[in-house]
Amino acid sequence: MPQLSEEQIVQIKKFVETFPEEEREAKLEEVLSQFVTDDKKPQQQMQCPFCLMNEGKLKVQKVFEDKDFLAVLEINPANPGHVLVFPRTHVRDMNSLAENLPTFLLLTNSIASSLLSFNSGVNILFSMGSLAGQKFDHMVVHIIPRKEKDEVVFSWKSKPLQEKDLVVLREKIVAGLVGVSEKPFDVEEFKGRMLRSEGRSP
Ligand SMILES: [Zn+2]
């Protein structure tokens, strides 16, 4: 049994809990076995494909990179040109990006606009929570160019609500709003960084 720090135990617990209950025991065994051979890296960084891409351990075609973010071509795309944008650090959601969130959104928009210049349409897809389709504990935005009859489907059946239900929901959402900041975003500074990233080695 490897000796683990409190921090490592917390990390392992969080990681294992991302799997369905019936898979957790096997996952835990796997994690612990890897801590015996390499106890310097948290398990999540060895398993997570986005961390592997960040570490250069998976071959990728980079569309953009800076010190905080990577954008790469999806190798199993919904359509050719499908791009994945993600932070270099292993974080679950946009809340964790803090002051880098505007940069992330601007970068996402920039890539989507580029794709839109030579495609008929673009979808930006971001999933939070496993039920919504988030497969890894590392946030990622999918930018999917659209073509005619491409068989990429986003659909739902409408569920009409009465006004009283809408009011209750509105109040619940408003009460939960956090992190809304009025801090101005420096577009010129971001553009400068976009340009400086050109010509960097892959
Ligand atoms: Zn990761």
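This briefing describes a zinc site and a β-sheet. The structure is a predicted model, and it contains a zinc ion coordinated by C48, C51, H90 and H138.

**The zinc site**

- The zinc ion is held through the SG atoms of C48 and C51 and through the ND1 atoms of H90 and H138, at distances of 2.0 to 2.3 Å.
- The angles among the four donor atoms run from 99 to 121°, and the site is tetrahedral.
- Along the chain, the donors of the zinc ion are spaced as C-x2-C-x38-H-x47-H.
- H90 sits in the loop between β3 (83-87) and α5 (101-116), while H138 sits in the loop between β4 (121-126) and β5 (141-146), so this pair ties together parts that are 48 residues apart in sequence.

**Burial of the two histidines**

- H90 has a relative accessible area of 18% and is buried, because buried means under 20%.
- H138 also counts as buried, with a relative accessibility of 1%.

- Strand β2, made up of residues 69-73, runs antiparallel to β3 and is joined to β3 by five bridges.
- V72 has L84 in β3 as its bridge partner.

Methods
Residues are numbered from 1 along each chain as its sequence is written. This is a predicted model: local features need pLDDT of at least 70, side-chain atom pairs count only at pLDDT 80 or more; totals for chains, interfaces and linings use all residues. Side-chain values use heavy atoms; hydrogens and water are left out. Donors are N, O and S atoms within 2.8 Å of the metal (3.2 Å for Na, K and Ca); water is not among the atoms, so sites may look incomplete. Four donors count as tetrahedral if all angles lie between 85 and 135 degrees; four count as square planar and six as octahedral if opposite donors are over 155 degrees apart and all others between 65 and 115; anything else is irregular. Helices (H or I, at least four residues) and strands (E, at least two) are DSSP runs, numbered from the N terminus. Buried means under 20% relative accessible area, exposed over 50%, partly exposed in between (1.4 Å probe, protein chains only). Two strands pair if DSSP finds at least two bridges between them.
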